[in-house]
Amino acid sequence: MSTQDRRDERFNAKQELWCEGQEEGAQTRNISRSGMFVVAEKPRAVGEQFTVAFEGDEGAVELKMEVMWSGAVKDGGQSGMGLRIVAFDKGEDAYERFVSRHLQGQAAQEGDGKQPGSGDK
């Protein structure tokens, strides 16, 4: 899926997660308001739903996710899953604050976060 086809802006993040059914923890590669890409030892099949959780600076978050894309290891890469948020079991406000903070930081790094009249990029 191309960046322009995505519904929500994403940011790069290596957030450690508890992932239902995974013996080892999982880690995100990017996150948006509507989902995330997760590197995992055993990617699940497209359409499966399961719970992920993490503890961030904004509080505990627990999400019901659905697998939209799943890929196995190729050429030394990592296996992973593209996940869509189906529901919040806990921490919807904390998740929104987490995403907003990271998107604002990303915009500032790209020069998009400048106030009018603050100079050229």
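Predicted model: local features only at pLDDT ≥ 70, side-chain atom pairs only at ≥ 80, totals over all residues.
I started with Arg-44 and found it over the face of Phe-50, 4.2 Å from the ring centre.

Next, strand S4. I looked up residues 35-39 and got 4 of the 5 as buried, so S4 is largely enclosed by the rest of the structure. Then I went through its neighbours. S3 (residues 26-31) pairs with S4 in the antiparallel sense over 4 bridges, and 3 residues sit between the two in a hairpin.

Then aromatics. My search of the whole structure gave 6 pairs. Phe-37 and Trp-69 have ring centres 6.0 Å apart and planes at 45°, so I logged the pair as tilted. Is Trp-69 buried or partly exposed? I get 48% relative accessibility, so it goes down as partly exposed.

Tyr-95 and Phe-98 make another tilted pair, since their centres are 6.5 Å apart and their planes at 35°. Both are in helix H1 (residues 92-109), 3 residues apart, about one turn of the helix. I checked burial too: Tyr-95 is buried at 2% relative accessible area, and Phe-98 is buried at 3%.

Last entry: which residues do ring pairs link into a cluster? I wrote down Phe-11, Phe-54, Phe-88, Tyr-95 and Phe-98.

Conventions. Residues numbered from 1 in each chain as written. Heavy atoms only, no water. Buried < 20%, exposed > 50% of the residue type's maximum accessible area, 1.4 Å probe, protein only. Pairing = 2+ DSSP bridges. Phe/Tyr/Trp six-rings, centres within 6.5 Å; stacked < 30°, edge-to-face > 60°. Lys NZ or Arg CZ within 6 Å of the ring centre and 35° of its normal.
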